[in-house]
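Let's walk through this model together, one piece at a time.

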Amino acid sequence: MAHFCLRCGRPLVTRVIEGRELEACPDDDFVLWRDPKVATAVVVEAEGGIVLGRRSIEPGYGEWCLPGGFVNHDEDPAVAAVRECLEEIGAGVELLELLGVYHVAKTTASSIVGIAYRGRLAGGAAISAGSEMLEVGVFRLDALPEIAFPSHRQVLTMYDGAAGRSASPPSPTPARPTQPRRR
Ligand SMILES: [Zn+2]
């Protein structure tokens, strides 16, 4: 697909920059950098488990996922995470912890750098499905439905690991928590 210079409108040409082939303007210094997009995902703790939404849009229509989404260009990722929770599960969420960073490699679109948080429903908040969800629900970690995205499965593994690390006191026969610990 042809691309054009954002400064002067001329068709871009391929140029090798820092060892990578990129599209650039033949007349000025405009380069069409191929940057990743930034997304967030939140493991929201609620009474009885974690909150998931069943998607009403592609990709992953009809499947369950964590609340989250893309970070706007001028937005702090933590603010974006809370905003997406409000939009998708209809509830105020308080972020508690950074779980980790994940990467979704893509070849036909921008790759995604994902930032995963642990959060909890703000005091007394009830959940309801936003426009991108068919329904929302609370699930125990040992009874999760099929999760739409490998990246979200990875986040849930991070969450499981974080919950395991914070379990105390150490037990000679450690039991895996079947639902999030109350904090
Ligand atoms: Zn130009």
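**A walk through the fold**

Helices (H or I, at least four residues) and strands (E, at least two) are DSSP runs, numbered from the N terminus.

Before going on, a word about what you are looking at. This is a predicted model, in which local features need pLDDT of at least 70, side-chain atom pairs count only at pLDDT 80 or more, and totals for chains, interfaces and linings use all residues. Residues are numbered from 1 along each chain as its sequence is written. The predictor's confidence in each residue, pLDDT, runs from 0 to 100. The chain averages a pLDDT of 90, and 89% of the residues score at least 70. Over residues 168-178, however, the pLDDT is below 50, and this stretch has 6 contacts in the model beyond near neighbours in sequence. Two residues are in contact if their C-beta atoms, placed from the backbone, lie within 7 Å.

Back to α1: which of its residues are buried? They are A81, V82, E84, C85, E88 and I89. These residues cover an arc of only 160 degrees around the axis, which puts them on the same side of α1. The arc is that of the directions from the helix axis to the C-beta atoms. As for the word "buried", it applies if 20 or more other C-beta atoms lie within 10 Å of a residue's own; with 12 or fewer the residue is exposed, and in between it is partly exposed, with C-beta atoms placed from the backbone. An α-helix has 3.6 residues a turn, so residues three or four places apart point the same way. The buried residues of α1 pack against β4 (37-46), β5 (49-55), β7 (68-70), β8 (93-104), β9 (112-121) and β10 (133-139). After α1 comes G90, with a positive phi near 65 degrees.

Now step back to the whole chain. It has 2 helices and 10 strands, and from the N terminus on the elements run β-β-β-β-β-β-β-α-β-β-β-α. Of the 183 residues, 27% count as buried. Among contacts between residues at least 6 apart in sequence, 60% join residues at least 24 apart.

Strand β4 deserves a visit of its own. With 8 of its 10 residues buried, β4 is largely enclosed by the rest of the structure. Two strands pair if DSSP finds at least two bridges between them. β4 and β9 pair in the parallel sense over 9 bridges, and V44 has G119 of β9 as its bridge partner. With β7, β4 pairs in the antiparallel sense over 3 bridges; there the bridge partner of A39 is F70.

Leaving out residues up to four places away in sequence, V43 touches I50, L66, L99, R118, V155, L156 and Y159.

Finally, look at the start of the chain. An open sheet of 3 strands has the order β1-β2-β3, with antiparallel pairing. β1 (13-17) and β3 (31-32) stand at the edges with a single partner strand each, so one side of each is left without a neighbour in the sheet. β1 and β2 (residues 20-24) pair over 5 bridges, with R15 opposite L22 and I17 opposite R20. The number of buried residues among the 5 of β1 is 0, so β1 lies largely in the open.
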